[in-house]
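Here is a friendly tour of a structure and its ligand site. Take a look at the model first, and then we can go through it together.

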Amino acid sequence: MPKGEFDQHGAGEASYDAHRAEQWLAGEAAGRGLSRRVMLGMTAKMGLAATAGLTAGRSAAGLAAGRSAAGQATPTNAASLSDLSTGPILKPLPPEFFTVFGTNAETRWEAMRGQGYHTPTDRFFVRNHTSTPIIDADTWRLRLFGSGLRGAPPRERAVEFTYQDLLELPAVTQSAFIECAGNGRSFFTSQQGQSVSGTAWKLGAVGVATWRGVRLSTVLARAGLTRRAVDVLPRGLDPDFVSGGVNLGAVRRPLPVEKAMDDVLLAYEMNGKPLLPDHGFPVRLVVPSWIGISSIKWVGDIEVSAQPLFSPWNTQFYRLFGPDHPAEGSAPLSRQVAKSAFELPWNAQLPVGRTSYLTGRSWSGHGRVRTVSISVDSGATWRPAQPRRQGHDDGWTLWEFPWRPRVAGSYELLARATDGTGRPQPTQAPYNTLGYLFGAVVRHPVTVA
Ligand SMILES: Nc1nc2c(c(=O)[nH]1)N[C@H]1C(S)=C(S)[C@@H](COP(=O)(O)O)O[C@H]1N2
Ligand SMILES: [Mo]
């Protein structure tokens with residue numbers, strides 16, 4: 001992708017958001033049950049309330065807290081806790097593949113060594129706001145409605161698709177990463193000495209899979225999309241999310257119609273098999289290159305709106321907050337920043353005087369990774385890594401670096417990627433209270449003996 005194209009995308013998203021903000025202030029926006037007063041109040045209190053909520057929901061007994069929080073939820077959705085047989089995540093989480101944080105589990109990077117291009121489903125990270133619902137594909141329906149579809153209010157059209165309807169529409173297969181906006185969050189603290197709230201991920205809240213499904217644009221067109229539509233709002237069928245004692249409703253985040261019509265999938269297969277319940281069965285969104293929250297799992301309905309839409313997930317969360325940002329936060333986050341990871345355990349042991357073939361992967365939401373450099377001396381000198389498999393936009397690049405340490409001791413290994421923006425990963429990530437978009441070079445400790 002040429003550089004200009006990124007700039008264009010960037011500008012497009014920024015001006016879209018500015019326009020949306022104007023409409024919001026002019027009272028034209030729909031907030032789905034949130035009054036303007038509540039919204040503004042929420043935004044003002046954000047720093048504190050959101051922080052407290054996130055911390056509480058994921059504290060010590062993270063799992064128990066997650067379940068009891070979900071238990072208080074109003075059962076507006078089809079799924080309920082009684083559907084659950086085990087915990088918030090249903091697939092096995094063997095400790096050699098995952099580190100578990102309450103309702104979330106991150107992939108251990110050493111479990112990716114020797115794997116092919118795609119992350120096997122059995123080691124793909126899971127990020128659940130509450131818990132995985134079990135949904136019956138035979139009775140499931142995808143419902144589309146709203147002022148952006150043909151038909152005038154109040155008699156707006158609602159259109160339904162069955163699982164079988166979707167299977168019969170033209171299918172596409174595409175490879176893309178899904179990555180949590182908070183991936184790498186723990187390094188704000190361990191490398192930059194800053195306190196942030198949210199799950200303390202290392203770099204394992206990312207995976208690349210092949211996704212098969214129907215283009216969202218196909219379904220929108222069949223549902224009667226009009227030129228007036230500006231936002232679509234997919235909503236999950238998992239239990240309501242309760243944060244800081246407030247029920248925020250079903251997980252949902254508006255997506256500008258431009259992105260929805262571009263490269264977004266309604267996916268029903270992951271790595272050649274029907275989705276696992278944990279990854280959104282029967283159908284989830286896959287929004288390539290954007291932060292993971294965009295890729296709503298267990299989608300039950302999609303509002304298509306001629307007015308800008310808001311939910312806590314594009315106002316209270318998933319913006320940058322803090323001293324360097326306006327009180328209402330940055331524009332809603334969209335593309336991921338470049339990152340790199342070694343396929344090594346944290347504090348790996350490597351042999352002295354012998355060559356170790358260090359391997360790893362780099363990826364970005366700003367186009368294909370172009371080059372990767374490695375430093376084995378805490379960033380003093382850099383040498384290029386050898387590409388093993390060149391990635392594509394929305395995927396990752398696999399690389400290798402032979403290293404023969406001659407002296408025993410403690411080392412920090414650094415990998416630094418340059419993406420489509422032409423800029424290498426920085427040494428410092430811009431601080432924000434919720435710890436999103438940690439794109440700085442990570443210092444990976446190893447011991448040579
Ligand atoms: N309905 C619903 N969709 C969701 C979530 C959720 O909790 N509920 N989590 C989101 C977040 S924050 C991320 S990072 C991705 C994670 O996808 P995965 O669990 O398949 O890896 O799903 C997104 N979609
Ligand atoms: Mo996420």
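## Around the ligand

Ligand 1 has 20 residues around it, and F125, H129, D238, R284 and K297 come nearest; a residue counts as near if one of its heavy atoms lies within 4 Å. By type, this shell divides into 10 nonpolar, 6 polar and 4 charged residues. Here Ala, Val, Leu, Ile, Met, Phe, Trp, Tyr, Cys and Pro count as nonpolar, Asp, Glu, Lys and Arg as charged, and the others, Gly among them, as polar.

This is a predicted model, where local features need pLDDT of at least 70 and side-chain atom pairs count only at pLDDT 80 or more, while totals for chains, interfaces and linings use all residues. Residues are numbered from 1 along each chain as its sequence is written, chains are lettered from A and ligands numbered from 1 in the order in which they are written, and side-chain values use heavy atoms, with hydrogens and water left out.

Taken alone, ligand 1 exposes 530 Å², and the protein buries 100% of that (Shrake-Rupley areas with a 1.4 Å probe).

## The cavity

Ligand 1 sits in the largest cavity, meaning that more than half of its atoms lie within 2 Å of the cavity's grid points. That cavity has a volume of about 240 Å³. Of its 19 lining residues, R127, R284, G292, S295 and K297 are the closest to the centre. A cavity is a set of points on a 1 Å grid over the protein atoms alone where a 1.4 Å probe fits but cannot get out, and lining residues have an atom within 4 Å of a point.

## A cis peptide bond

F281 and P282 are joined by a cis peptide bond, with omega about 5°.

Key. 1 Å grid on protein atoms, 1.4 Å probe; cavity = no way out; pocket = protein on both sides within 12 Å on 5 of 7 lines; lining within 4 Å. Points joined across faces, edges and corners; volume = space filled by probe spheres on them.
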